[in-house]
Structure formats: structure tokens, C-alpha cells
Amino acid sequence: MSEEFKAELLSLLPRLRRYALAKTGTREQADDLVQATCERAWRARDQWKPGARMDYWTFRIMKNLYVDEIRASSLRGIDAGPDALEEIPDHQWTRRVEGSMTLAQVSDVMQQLPAPMRDVLALVPIEGLSYREAAEVLGVPVGTVMSRLARARAELMSRLNLTGDITDWTPA
Amino acid sequence: MSESTFSDEILMSYADGELSEPTARAVREMAMRDPSIAGRIAMFKASRKVLSAAFDPVLDQPVPQRLYDAVRALGRDDGAMRRDTQRRPPAVGIARLRGWRQQAMAASVACFLGIAVGWLLGTSSWRQDNSGSLATEVASLPETLIDALDRLPSGERASAQLDGGAADVLPIASYENGGSLCREFELSRSSAAGSQAVRGVVCRSEGRWLLKALADLTSRKARSDEYRPASGGEDLAPVLGLGRSLSQQEERRFLANGWRYR
């Protein structure tokens, strides 16, 4: 059991790093967070049922750890609540998205957003979870995920000064 | 905000394909009539693309050795490991230093794909008892295995010395797909403890072999029996999109030039 557990944990490292980077914004902090998450997951391994999704389980551990860490060290200062971004400016989204933004650009803007918004961005558009799955990981209602996510994405695009091409609105 | 009768949440759900059909149809019809709604949907779709395009490459970056080591060491000191513990410098030679990032990444990718492929092939999953497992040794792509993959033509068997003892390497085929080269191979080892076999795929990346997939073929049932090679119809190539297999002649060219695609 424990070797199987470890093998699966190892296999998750790339995704844990991506998730942690989306949360923390720097590689150093991201990798520290990943390591701490793996250690906590290991200590809690009896709570994990073989066959269950270890990715979601470790995401949840990481999310809780990160919250603890902010509380303990005020590492990232005081995060504004999600309501701080209630007002989303109106945009017409008529300009074409020019190329893709670099990781640094996107990551910088994400760090300007409150942590709950970063969480939903990290889980849904980046990690590819459904709204429901993200709600389970975060322990909040689906409606909360949706409202945070809609505001976070609009805010992100606005701060990146990116506007959508109007022709690309149909489902892929 | 637009004058839409649909909330941003609904428009975003539409962009993400999370709406059920009656509502989706209503949104689609509204978007065709109202450019501001279409634009809002486009913005949500673009945001997903921007985020995944920025963050997806992180998955392909090598996992730092310290993380890899930290996870492997879990439980060894019974929780004595702390996150601030400095990692020992690796006691390795130049050849291994050159490859450690590659190995770290390869191994983690391999575990992931190994599980997926093992499942896809319906052979067997990772052994419960992984200690001394051939799959674990192969996952770190030892130099001896890399050597064999560099120089052995497909269908030709050779012995490679691994940490857990000698094993038989058998390249099965080589593939080319849009300038990317891959090799499929099998490794087997018989010992008093039983027989083990793995099948893997390595692909050329920046002048090195990276492990792309690894399946443990040692079935639990057969573990104490003699190992029997997997029968046909369990081709990894289509599953992994490896492309077309190289002819003997083409392969010879790559064996001679160190697997450089020109």
C-alpha cells in the first residue's frame, strides 16, 4: 500500500507543482508547498482510500496547508476577500487575443487577485476540474465556485488587457 | 455588464460546456443576436486558453530533484524528515549528474503513464510490493539501459546491468512522428524470486531519451511462473500516438547518428 501510495504521489508531482505555482506565484514557494503537501499526505495516508482520486485529495491538502501557512506567517500579507472584486468593469471584449501571454505575465496578475479567486482559477481552467469537482476540493457550494470563477476570469482578462475575439464564442 | 438576461455565471458555464442543452440553446440563440453576449462568452473562453497556455508547460518542466527525493524518502526516517532539511548532495558521477533532471522527470512521468498504460493494456498494475521492482529501476532510466537503447537494433536482445542485477533488454520498434523519435522496448529479469517484465517507451527530447510510458507486465499470477512476453494486440504505439514505425534501414541510420533527426 505505501509503495503504491508513493508511486502515485510521485506521479502527481508535475500537477502539484502547477497547482502550487498558480497559488503562490513563485517556483520556490510552490516547490516548498508541494513538499509540505506530500509530507502531510504521507502522514495522512490512512485516510486515503486506494482507488479514490489522489489528485483531488492532495489538492485539498495543499489548499488547507496554504491557508494555514498564510495564517501562521502572514507570508503573503492580508488577502482581500473575494468580495473586494465585486465590481467588474464593463468591457466590450472586441479586440483579438494577441498570441499567448507568458507564464510570468499571467502569474503576476493572478497574484494580484485574492486567494479564493486564485484557487478557482487554478482548479478549473488550469487543472481542468469541473465546477462540481472544484467545489468538492474547496469545500464550498458549486454556486460559490461559479461566481468566484466568473469574476476571477473577467478580472484576469481585464488586468491582462486581453479582450476576446468576438467570432470565437461557440462551444468547441 | 451587458444587457443580457443571462448572468456571467451562465455565460461562463456555456463557454466551459457545463450547461445542459435547453439553456445552452437559449444562450446560443441570444449570442447570435447580441454581440455583447457573444463577446462575453468569447472572453470566458479566451481566459481558459490564456491560463492553460501559460501553466501547461509547467507539467513538462523537470521536477526538482529535492522534491523527488523527498517523496521517495517518505517514511524512511519515520517522519523525521522536515521541509527545511537540506538535501544531501547526490553521490553520483558526472554521467549521472548530467541526467538527474531528466531522470527525475522521467520517473514521475513514467509512474503516471505506467499506471495509465498498465490499465489500458489490461496487463497488470504496479506491483503492490515495489521494493526491488524492475519497473522502479527502469523508471530512473539507468545509463546502462540508455546505452542499450542508443545502440541496439529492434529485435536484438542484450543484457544490461541494473541496480537490481542484470536484465534482458529488447528494443521492439522505433517510431517517428513529425520529427520526434521514440523507441519501444521490453525489459525482463528472471531470478530465484520470480520473473519480472516491463514494457516502456522512450522518446528523444533535447538530445536525450525521456521515458514516456512504462507498463509493468509482470502479472501477479505469473509472478512466480516463468515470464511470458505479452501477446500481440497490446501495441503501445497507437495508444501513445507514437506515429509510424521505422523501417530497419531508417532505424540503422538513427543508430549510427546518435538518434538525431534531420
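A: Helices (H or I, at least four residues) and strands (E, at least two) are DSSP runs, numbered from the N terminus. This is a predicted model, in which local features need pLDDT of at least 70 and side-chain atom pairs count only at pLDDT 80 or more, while totals for chains, interfaces and linings use all residues. Residues are numbered from 1 along each chain as its sequence is written, chains are lettered from A in the order in which they are written, and side-chain values use heavy atoms, with hydrogens and water left out.

Q: Where does R199(B) lie, and why is R199(B) called buried?
A: R199(B) has its place in strand β4 of chain B. Buried means under 20% relative accessible area, against over 50% for exposed and partly exposed in between (1.4 Å probe, protein chains only); the relative accessible area of R199(B) is 8%, so R199(B) is buried.

Q: What makes the pairing of the side chains of R199(B) and E184(B) a polar contact?
A: A polar contact is a pair of N or O atoms within 3.5 Å; within protein, one must be able to donate a hydrogen and the other to accept it, and residues adjacent in sequence count only if both atoms are side-chain atoms. The side chains of R199(B) and E184(B) make such a contact at 3.1 Å, and the side chain of R199(B) makes another with that of E186(B) at 2.8 Å.

Q: Why is E251(B) called buried, and what does its side chain contact?
A: E251(B), found in helix α10 (residues 248-257) of chain B, has a relative accessible area of 5%, and is therefore buried. Its side chain makes a polar contact with the side chain of S154(B) at 2.4 Å.

Q: What makes the link of C182(B) and C203(B) a disulfide?
A: A disulfide is a pair of cysteine sulfur atoms within 2.5 Å, and the S to S distance of C182(B) and C203(B) is 2.0 Å. C182(B) lies in strand β3 (residues 180-191) of chain B and C203(B) in strand β4 (residues 194-205) of chain B, so the pair ties together parts that are 21 residues apart in sequence. With 105° about the S-S bond, the link of C182(B) and C203(B) is right-handed, and both C182(B) and C203(B) are buried. A search of the whole structure finds 1 disulfide over all chains.

Q: Why is S147(A) counted as buried?
A: S147(A), found in helix α7 (residues 142-159) of chain A, has a relative accessible area of 19%, and is buried because that value is under 20%. The side chain of S147(A) reaches the backbone oxygen of T144(A) at 3.2 Å.

Q: Why is C38(A) called buried?
A: The relative accessible area of C38(A) is 2%, so C38(A) is buried.

Q: How many helices and strands does chain B have, and how much of chain B counts as buried?
A: The secondary structure of chain B comes to 10 helices and 6 strands, and 48% of its 262 residues count as buried. Of the contacts in chain B with a separation of 6 or more, 56% are accounted for by residues 24 or more positions apart.

How values were computed. Contact means heavy atoms within 4.5 Å.
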